[in-house]
Amino acid sequence: MNKKTLKDLQIKGKSILLRCDFNVPLDDQGDITDDRRIQGAIETIEYLKDQGGKVLLISHLGRPKGKFDSKLSLKPVAKRLEKLLNTEVVFYSDEKVISDQTKREVLKMNEGDIGLLENIRFRKEETENDETFAKDLASMGDLYVNDAFGTSHRAHASNFGLAKNLPSAVGFLVEKELEFFTKTLENPKRPFVAIIGGAKVSDKIGVIKNLLGKVDQLIIGGGMAYTFLKAKGYDVGKSILEEDKIILAKELMQNARSQGVELILPVDTVVAKEFDNSAEHWTVDVKNIPNDTMGLDIGEISIALFDETIQKANTIIWNGPMGVFEMSSYEKGTKTMAESLAKSKGVTIIGGGDSAAAVEKFQLANEMSHISTGGGASLELLEGKILPGIDSIEDK
Ligand code: AMP
């Protein structure tokens, strides 16, 4: 995948449709509680402005399901952008997003101007990837830039549709995601270790299968580990277990062996009788999980074992927590994994979603080589899938 980037575009005097990911959390008053996604877009926006582009921003926010919803308006985002950019951002308030009036206004933009359209998902045609809607959007621009990695695993009008209708490139954020995910995955510095956790095996089958062909070691923790432990013949008590995936877990362990990949499972686990932060909890060997308990975190010996593997690695990918890290009693495994990656001298890549949330929670984000901005999109890249929102961008 060698996609055109911002540096490949002639920007001066051109109208650029820039798809961003401004899907930020809002509180009950409609105030933005975390603006990191907006901050992340600033570099691309400033570059396009400084090059003399007319920059029209497009994003979704939440799930309005194709209808106007005042609570999901992008107006607060426009205000925050103005503060961060220290310049005017024209917000095109329009329940239909691009009615004729808005289009006329957009056409009046000058070089260096920045505008923001209303939440693109107020139109059902967006997620339907409607061709007419995409053409209508495209009529407002000369160039299209995709800098919204988090929606790139979907073919929508404002990514796939626009890329089909305009000369295109990826923005700085997507460029960085591709550099870490695709280049590293294709040509990793070895040893290459993947750490996969999270609740269920069923969500990560594709990821595990694909990574088995690439990594030297695969560490499995979190809720999904108990299905593997069961497949090894151990009793897992009340731990989260996918009965219908036990055979698959056996096959995956066999595949690992035949591909020369070391598959590393927890050897001890923190158990409790209830799924409760204040429940009494203690550590047992995975071969001795009491019937009336459930495993909610990895134990100390597993932590040391995983850390040893991580410190020897030159490339590490992590997706999914090692335990129920939302509860302080069961956060240690996930926290120490984050610390272990922070300590590593190798390239460290964190998939989006819960592992990114954990790294932020433990304030170790600055210690990682890369934290993905897209949970679903990064999982699909790890599965070896092609992302339509990126595949549709022109090749260099
Ligand atoms: P995922 O979205 O698949 O990455 O899963 C993340 C969720 O898995 C988090 O909410 C964790 O609380 C949960 N999780 C991790 N370990 C366990 C476990 N041992 N038992 C139950 N849930 C777990």
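**Exercise 1.** By class, how many nonpolar, polar and charged residues does the lining of the second largest pocket have?

*Solution.* The model is predicted: local features need pLDDT of at least 70, side-chain atom pairs count only at pLDDT 80 or more, and totals for chains, interfaces and linings use all residues. Residues are numbered from 1 along each chain as its sequence is written, and side-chain values use heavy atoms, with hydrogens and water left out.

Step 1. A pocket is an open set of points on a 1 Å grid over the protein atoms alone, where a 1.4 Å probe fits, with protein on both sides within 12 Å along at least five of seven lines; lining residues have an atom within 4 Å of a point.

Step 2. The lining here numbers 30 residues, and Gly-198, Ala-199, Lys-200, Pro-321 and Asp-354 lie nearest the pocket's centre.

Step 3. By class, the lining has 11 nonpolar, 13 polar and 6 charged residues, with Gly counted as polar.

**Exercise 2.** Determine which protein atoms make polar contacts (pairs of N or O atoms within 3.5 Å) with the ligand.

*Solution.* Step 1. The ligand takes the space of the second largest pocket (more than half of its atoms lie within 2 Å of the grid points).

Step 2. Of the 15 residues that surround the ligand, the closest are Ala-199, Gly-223, Gly-295, Glu-326 and Asp-354.

Step 3. A polar backbone atom of Gly-223 is 3.1 Å from a ligand nitrogen atom. Polar side-chain atoms lie 2.5 Å from a ligand oxygen atom in the case of Glu-326 and 3.4 Å in the case of Asp-354.

Note on methods. A residue is near a molecule or strand if one of its heavy atoms lies within 4 Å of it. A polar contact is a pair of N or O atoms within 3.5 Å; within protein, one must be able to donate a hydrogen and the other to accept it, and residues adjacent in sequence count only if both atoms are side-chain atoms.
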